[in-house]
Amino acid sequence: MSDALEDAALALFEARHASRPITAFPASWVPQTLAESYRLQDAVMRHEGAAGGWKVLAGGEGEPMCSPIPKSRYHDNGATLDQAGLMVFLSEVEVAVKLGRTLARKATPYTPEDAAAAIVSVHPALEMCASSFTDAAEAPSLLKMGDLQSNAAVIVGAPLTPPTTLDFANLPIELRYGGAAVAQTGQGASWQEIVSAIAWLANHAISRGLALNAGDVIITGARLKYPATGPLAIEAELAGMAPVQVTLR
């Protein structure tokens, strides 16, 4: 591992845990490829500790992008979080899945059918997003990718057991702040796109010497996003699921 990569990883870890965003950085910290961004993620995770899951973009164009999420960043429905301490600036509404079995190295690549069989429950979720950089720092996208794709927290709602009858591609969702609707949508990744992204993620994790583990919660891409600063009560309702809630103080 290069000194620059380790320096960047430690700085990202310390920025989050001290709630002090980075105002400037050397050019040597900036990954030049997506593969280098993923190596930076891995270095950050060596400081953060065990992963509790991943984020992956389902239904987008081209190859998905992803990041592991530290176990410490997962929270139960109804949690209260310190907005300033976490440096939260954005909330996202997501469909999450929980794995009931580990997807580790095997002789052949994982398929969407393998991924579907490994999913034990589906959940509504809120992702709180933050940056380890000030706006003035103008961090490039590949460096932000190394910052665990701007994840700060994941709030996981009540489970549904698959298979469900929900049409995920046409799933009505409403995001509410303080009880008032601030954003709505009715479209997103289909179930097939979700399980295809999980299969891709399993094979990608293996290429990094990792695995998707039983119990991991994987969020599958923002369906709604909206600026968020505390104090604030946030609630998302995905049709057919119980609301998922978080309070920023």
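Which side chain meets Arg176 in a salt bridge at 2.9 Å, N to O? Glu237 does, where a salt bridge is a side-chain nitrogen of Lys or Arg within 4 Å of a carboxyl oxygen of Asp or Glu. Keep in mind that this is a predicted model, in which local features need pLDDT of at least 70 and side-chain atom pairs count only at pLDDT 80 or more, while totals for chains, interfaces and linings use all residues. Residues are numbered from 1 along each chain as its sequence is written, and side-chain values use heavy atoms, with hydrogens and water left out.

**The overall picture**

- The chain has 6 helices and 13 strands; helices (H or I, at least four residues) and strands (E, at least two) are DSSP runs, numbered from the N terminus.
- With a radius of gyration of 17 Å, close to the 18 Å that the globule rule gives for 249 residues, the chain is as compact as a globular protein of that length. That radius is taken over C-alpha atoms, and the rule is 2.2 Å times the number of residues to the power 0.38.
- Along its principal axes, the C-alpha trace spans about 50 × 50 × 30 Å.
- Buried residues account for 50% of the 249 residues; buried means under 20% relative accessible area, exposed over 50%, and partly exposed in between (1.4 Å probe, protein chains only).
- Of the contacts with a separation of 6 or more, 77% are between residues 24 or more positions apart; contact means heavy atoms within 4.5 Å.

**Charges and salt bridges**

- There are 17 positive and 25 negative side chains, and the centres of the two sets lie 4 Å apart. Lys and Arg count as positive and Asp and Glu as negative, with His and the chain ends not counted; the place of a charge is NZ of Lys, CZ of Arg, CG of Asp or CD of Glu.
- Side chains of opposite charge can pair when their charged atoms come close.
- Searching the whole structure turns up 9 salt bridges.
- One of them joins Glu127 to Lys55, with the closest N and O atoms 2.8 Å apart. This pair links distant parts of the chain, as Glu127 is in strand 6 (residues 119-130) and Lys55 in strand 1 (residues 51-56), 72 residues apart. Both Glu127 and Lys55 are buried.
- Back to the opening pair: Arg176 sits in strand 8 (residues 173-177) and Glu237 in strand 12 (residues 232-238), so the two tie together parts that are 61 residues apart in sequence.
- Arg176 is buried at 13% relative accessible area, whereas Glu237 is partly exposed at 34%.
- Arg176 also has a salt bridge with Glu174 (2.8 Å, N to O). Through shared partners, salt bridges join Glu174, Arg176, Glu235 and Glu237 into one network.

- Ala8 is part of helix 1 (residues 3-18) and is buried, at 1% relative accessibility. Not counting residues up to four places away in sequence, Ala8 touches Trp29 and Leu40. Ala8 and Val30 are 22 residues apart in sequence and 8.5 Å apart in space, C-alpha to C-alpha.
- Asp42 belongs to helix 2 (residues 34-48) and is buried, with a relative accessible area of 17%. Beyond residues up to four places away in sequence, Asp42 touches Arg208 and Leu210.
- His75 lies in strand 3 (residues 74-76) and is partly exposed, at 23% relative accessible area. Its contacts, leaving aside neighbours within four places in sequence, are Leu81, Ala153, Val154, Ile155 and Val156.

**Backbone details in the loops**

- The peptide bond from Pro162 to Pro163 is cis, with omega near 0°; Pro163 is in the loop between strand 7 (151-156) and strand 8.
- Another cis peptide bond runs from Gly230 to Pro231, with omega near -5°. Pro231 falls in the loop between strand 11 (224-227) and strand 12.
- Ser19, in the loop between helix 1 and helix 2, has phi near 55°, a positive value in a residue other than glycine. Ser19 is partly exposed, at 30% relative accessible area.
- Ser150 has phi near 65°, also positive in a residue other than glycine. The loop between helix 5 (141-146) and strand 7 holds Ser150, which is buried at 16% relative accessibility.
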